[in-house]
Amino acid sequence: MILAKKLRILTTSTEAFGPAAGLSFAIVNEEFIKEHPDTVRNFIKAFKDADRWSNDNREEAGEITAKNIDLPYTANVHWYSPSGAIDDEVKGYIQDWIDAMEADGLIEHGEFVPEDLYTTEFNDTWDTSLPNQ
């Protein structure tokens, strides 16, 4: 008996949070960035390359995800921003998560703004519209 066939999806993160549900952050502290900028640059490039591959190979990405989290069926994979650009729309999605964490008491009101949570230092690495790719 496959338990998954008896499950019913009540809601999805996309239904709950809209496009903000698809945000992914890779956390690197300032000291590590300063000491290992090439490592960070290479990591970001690989991270965005994987996002783009997943977008272009959704079925295979779903199969890999399902296998790695032990699902008996192909997973529905996220869609990832091909560029990773942080524009006003994305800042709004980040703010939605900040607001949710404030409402849950995880952080103080006003403790963070979207710009506190990302850097544009490596834009040339992840934004394919910029030169030197």
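**Figure 1. Overview of the protein chain in the predicted model.** Among contacts in the protein chain between residues at least 6 apart in sequence, 54% join residues at least 24 apart. The protein chain contains six helices and zero strands, and its pattern, read along the sequence, is α-α-α-α-α-α. Of its 133 residues, 23% count as buried.

**Figure 2. Helix α3, residues 37-56, from end to end.** At 1.5 Å a residue, the 20 residues of helix α3 should span 28 Å.

**Figure 3. The buried and exposed residues of α3.** The buried residues of this helix are Val40, Ile44, Lys48, Asp51, Arg52, Ser54 and Asn55. Seen down the axis of α3, these residues fall within an arc of 160°, so they line one face of the helix. An α-helix has 3.6 residues a turn, so residues three or four places apart point the same way. On the other side of α3, Asp38, Asn42 and Asp56 are exposed.

**Figure 4. The crossing of α3 and α4.** Two packed helices are described by the angle between their axes and the distance between the axes. Helix α4 comprises residues 58-68. The axes of α3 and α4 come within 5 Å and cross at roughly 110°. Angles of 65 to 115 degrees count as roughly perpendicular, and the two helices are therefore roughly perpendicular to each other.

**Figure 5. The contact between α3 and α4.** From α3, the residues Trp53, Ser54, Asn55 and Asp56 take part; they meet Arg58, Glu60, Ala61 and Ile64 of α4. By class, this contact has three nonpolar, two polar and three charged residues. Ser54 and Asn55 are also among the buried residues of α3, whereas Asp56 is exposed.

**Figure 6. The buried and exposed residues of α4.** In α4, Ala61, Gly62 and Ala66 are buried. Seen down the axis of α4, they fall within an arc of 135°, so they line one face of the helix. The buried residues of α4 pack against α3. Lys67 and Asn68, on the other side of α4, are exposed.

Note on methods
Residues are numbered from 1 along each chain as its sequence is written. This is a predicted model: local features need pLDDT of at least 70, side-chain atom pairs count only at pLDDT 80 or more; totals for chains, interfaces and linings use all residues. Side-chain values use heavy atoms; hydrogens and water are left out. Helices (H or I, at least four residues) and strands (E, at least two) are DSSP runs, numbered from the N terminus. The expected span of a helix is 1.5 Å times one less than its number of residues. Buried means under 20% relative accessible area, exposed over 50%, partly exposed in between (1.4 Å probe, protein chains only). The arc is that of the directions from the helix axis to the C-beta atoms. Axes are lines fitted to C-alpha atoms, for helices over the stretch in contact, and angles run from 0 to 180 degrees between N-to-C directions. Angles under 35 degrees count as roughly parallel, over 145 as roughly antiparallel, 65 to 115 as roughly perpendicular and the rest as oblique. Contact means heavy atoms within 4.5 Å. Ala, Val, Leu, Ile, Met, Phe, Trp, Tyr, Cys and Pro count as nonpolar, Asp, Glu, Lys and Arg as charged, and the others, Gly among them, as polar.
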